[in-house]
Amino acid sequence: MKVWTRIPILAALLILPLAAVDADGADGADGMVTTQSNHSVAMTADKLVSTLKSKGMTVMNRINHTEGASKAGLELRPTEVVIFGNPKVGTPLMQCAQSVAIDLPQKALIWEDSEGTVWLGYNDPEYLKQRHDIEGCDQVIKKIEGALAGFAKAATE
């Protein structure tokens, strides 16, 4: 086999491991910011809810997907979603691009991966900016980025 015919094979061998990302780990979803937690799923969710309330956010719901799975006779590693928001922050974003309302209120996903590591993830505001073609709202996006990062840090440390 000539050297130039081996190059595509070598390239494929180098690229394949990069494509094999663990789907339930931190790199599982496009447009999601993830932070590893030092706590259990329940404790991380408790800390997040407490932090959100202390910052004047409205917690609309907390969904325990593991309990739902159990009621259906199925197993699921600890997985919770916290739904929260504040019209003072969300409304200006919707004024920039009303379609972003499909992604509001904000949601935080807290889950335990197959290795026992707990993660907190949320939609990256930059991803939402691209998804909804938001222009002229960079200040709002930056404010949301900072707030979400702060909430995640408080819940996971």
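Visitor: Among contacts between residues at least 6 apart in sequence, what percentage join residues at least 24 apart?
Guide: The model is a predicted one. Contacts in the protein are considered here between residues at least 6 apart in sequence, and the share joining residues at least 24 apart is 66%.

Visitor: In what order do the secondary structure elements run from the N terminus?
Guide: The protein has six helices and five strands. From the N terminus on, the order of these elements is α-β-α-β-α-β-α-β-β-α-α.

Visitor: How many residues in the contact of α2 with α6 are nonpolar?
Guide: On the side of α2, the contact involves Thr 44, Lys 47, Leu 48, Thr 51 and Leu 52, which meet Phe 151, Ala 154, Ala 155 and Thr 156 in α6. By class, three of these residues are polar, one is charged, and the number of nonpolar residues is five.

Visitor: Is the crossing of α4 with α6 left-handed or right-handed?
Guide: The axes of α4 and α6 are 10 Å apart, and the helices pack at an angle of about 145°. Whereas α2 passes α6 in a right-handed crossing, the crossing of α4 with α6 is left-handed.

Visitor: Which residues in α6 meet Val 89, Pro 92 and Leu 93 in α4?
Guide: The contact of α4 with α6 has no polar and no charged residues, and six nonpolar ones. Val 89, Pro 92 and Leu 93 supply the α4 side, and their partners in α6 are Val 140, Ile 141 and Ile 144.

Visitor: Is Leu 93 buried or exposed?
Guide: Leu 93 is found in helix α4. Leaving out residues up to four places away in sequence, Leu 93 touches Val 100, Ile 134, Val 140, Ile 141 and Ile 144. The relative accessible area of Leu 93 is 2%, and the cut-off for burial is under 20%. Leu 93 is therefore buried.

Visitor: How far apart in space are Val 140 and Pro 92, C-alpha to C-alpha?
Guide: Val 140 lies in helix α6. Apart from neighbours within four places in sequence, Val 140 is in contact with Val 89, Pro 92 and Leu 93. Val 140 and Pro 92 are 48 residues apart in sequence, and their C-alpha separation is 7.2 Å.

Visitor: Where is Pro 105, at the end of the peptide bond from Leu 104?
Guide: Most peptide bonds are trans. The bond from Leu 104 to Pro 105 is cis, with omega near 0°. Pro 105 has its place in the loop between α4 (87-96) and β4 (106-112).

Visitor: Is Asp 133 buried or exposed?
Guide: Asp 133 is found in the loop between α5 (125-131) and α6. Its phi is near 50°, a positive value in a residue other than glycine. The relative accessible area of Asp 133 is 57%, and the cut-off is over 50%. Asp 133 is therefore exposed.

Conventions:
Residues numbered from 1 in each chain as written. Predicted model: local features only at pLDDT ≥ 70, side-chain atom pairs only at ≥ 80, totals over all residues. Heavy atoms only, no water. Helix = DSSP H or I, 4+ residues; strand = E, 2+ residues; numbered from the N terminus. Contact = heavy atoms within 4.5 Å. Left-handed = near helix turned anticlockwise from the far one by under 90°. Nonpolar A, V, L, I, M, F, W, Y, C, P; charged D, E, K, R; others polar. Buried < 20%, exposed > 50% of the residue type's maximum accessible area, 1.4 Å probe, protein only. Axes fitted to C-alpha atoms, helices over the stretch in contact; angles between N-to-C directions.
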